[in-house]
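Take it a section at a time and follow along in your viewer.

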Amino acid sequence: MAQLPRNSSSRLDPRGPLVFSTHALGRAPGSEHTETRVAPAPAELRVGLVGVPDGAELELTVRLDAVAEGVLVTATARAPVTGECARCLEPLAQQVEVRFQELFEYSPGVGSDAADGYSLDGDLLDIEPALRDALVLALPLAPLCRDDCPGLCVDCGVQLAKAGPEHSHGPAIDPRWAGLQKLQQFEIPQFETPTDLPDRSGQDMNR
Ligand SMILES: [Zn+2]
Ligand SMILES: [Zn+2]
């Protein structure tokens, strides 16, 4: 089947999972219509270690407000996010919630082909590009399985969360360098810190 070019004359499929109808608004400024829907996530919503699985359930609440120039879309979307912890590489599953607002114009400027914004296709509008932008921006660049994930042992690569707090490889100093460290301690003169020097300037001002 030949692929149809996506241009301004292409018609949206009213059954598209992310296509919404503004028919109920009747192009009357001030009229409003809110719709909730569960839709499958579009493909390739992924950045680095995390993404929204292809076809996962997106919970959408889409408010359509008719304004003079077109329809203002205010949408919230909740999506499951899966990926790997940036510290310990364990699989993780989280939720992300985004809110975005875009104006879909009735008739884009002549010759602009809606390149600078979104436009309605008859009574229909497709929120996929705007939803995709919002979700991709909301994906964490360094996702963590938990806020205090201790990550991996730098010496053996074991997951420190599983290895426990006693996990250790002995003294941190390589034995070949231990002698040098002793030497260094002798070389650096120890100055007494002038803790006994009174510095009462401003002492009472902090109280
Ligand atoms: Zn982790
Ligand atoms: Zn280790």
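How many residues lie between S5 and S6 in the hairpin that they form? There are three residues between these two strands. Please keep in mind throughout that this is a predicted model.

## The chain as a whole

Let us begin with the overall layout. The protein chain has three helices and nine strands, and along the sequence they follow the pattern β-β-β-β-β-β-β-β-β-α-α-α.

Of the 207 residues in the protein chain, 16% are buried. Among contacts between residues at least 6 apart in sequence, 59% join residues at least 24 apart.

Strand S5 covers residues 57-66, and its side chains alternate. Leu-58, Leu-60, Val-62, Leu-64 and Ala-66 point to one face and are buried.

With strand S2 (residues 32-40), S5 pairs in the antiparallel sense over nine bridges; here Ala-39 has Leu-58 as its bridge partner in S5. With strand S6 (residues 70-84), S5 also pairs in the antiparallel sense, over eight bridges. Two of the bridge partners in S6 are Leu-72, which belongs with Asp-65, and Thr-74, which belongs with Arg-63.

## Strand S6 and its other partners

Now follow S6 onwards. S6 and S7 pair in the antiparallel sense over 15 bridges, with Gly-70 standing opposite Glu-105 in S7. These two strands form a hairpin too, with six residues between them.

S4 is another partner of S6: the two pair in the antiparallel sense over two bridges. Gly-51 stands opposite Thr-82 in S6.

## The largest nonpolar core

Which residues touch the most other members of the largest nonpolar core? They are Val-73, Ile-127, Leu-131 and Leu-135, out of 26 residues in this core. Strand S4 (50-52), S5, S6 and helix H1 (128-138) are the elements that give two or more residues to this core. S6 gives the most, with six residues.

Leaving aside neighbours within four places in sequence, Val-73 is in contact with Val-62, Leu-64, Gln-101, Glu-102, Phe-104, Leu-125 and Ile-127.

Ala-130, Leu-131, Ala-134 and Leu-135 are the buried residues of H1. Because they cover an arc of only 125° around the axis, they sit on the same side of H1. On the face turned away from this buried side are the exposed residues Pro-129 and Leu-137.

What do the buried residues of H1 pack against? Their partners are strand S3 (45-47), S4, S6, strand S7 (91-105) and strand S8 (118-119).

Most residues other than glycine have a negative phi. Two residues of this model are worth a look with that in mind.

Arg-27 has a phi near 55°, a positive value in a residue other than glycine. Arg-27 is found in the loop between strand S1 (19-21) and S2. Is Arg-27 buried or partly exposed? Arg-27 counts as partly exposed, because 14 other C-beta atoms lie within 10 Å, and a buried residue would need 20 or more.

Leu-89 is not a glycine either, yet has a positive phi of about 65°. Leu-89 lies in the loop between S6 and S7, in the turn of their hairpin. With 14 C-beta neighbours inside 10 Å, Leu-89 also counts as partly exposed.

## A loop residue on the way to H2

One last stop is Gln-159, in the loop between H1 and helix H2 (160-163). Gln-159 is partly exposed, with 18 other C-beta atoms within 10 Å.

Gln-159 and Glu-90 are 69 residues apart in sequence, and 8.9 Å apart in space from C-alpha to C-alpha. Not counting residues up to four places away in sequence, Gln-159 touches Cys-88, Glu-90 and Leu-152.

Note on methods:
Residues are numbered from 1 along each chain as its sequence is written. Chains are lettered from A and ligands numbered from 1 in the order in which they are written. This is a predicted model: local features need pLDDT of at least 70, side-chain atom pairs count only at pLDDT 80 or more; totals for chains, interfaces and linings use all residues. A residue is buried if 20 or more other C-beta atoms lie within 10 Å of its own, exposed if 12 or fewer, and partly exposed in between; C-beta atoms are placed from the backbone. Helices (H or I, at least four residues) and strands (E, at least two) are DSSP runs, numbered from the N terminus. Two strands pair if DSSP finds at least two bridges between them. A nonpolar core is a set of buried Ala, Val, Leu, Ile, Met, Phe, Trp, Tyr and Cys residues joined through C-beta atoms within 7 Å. Two residues are in contact if their C-beta atoms, placed from the backbone, lie within 7 Å. The arc is that of the directions from the helix axis to the C-beta atoms.
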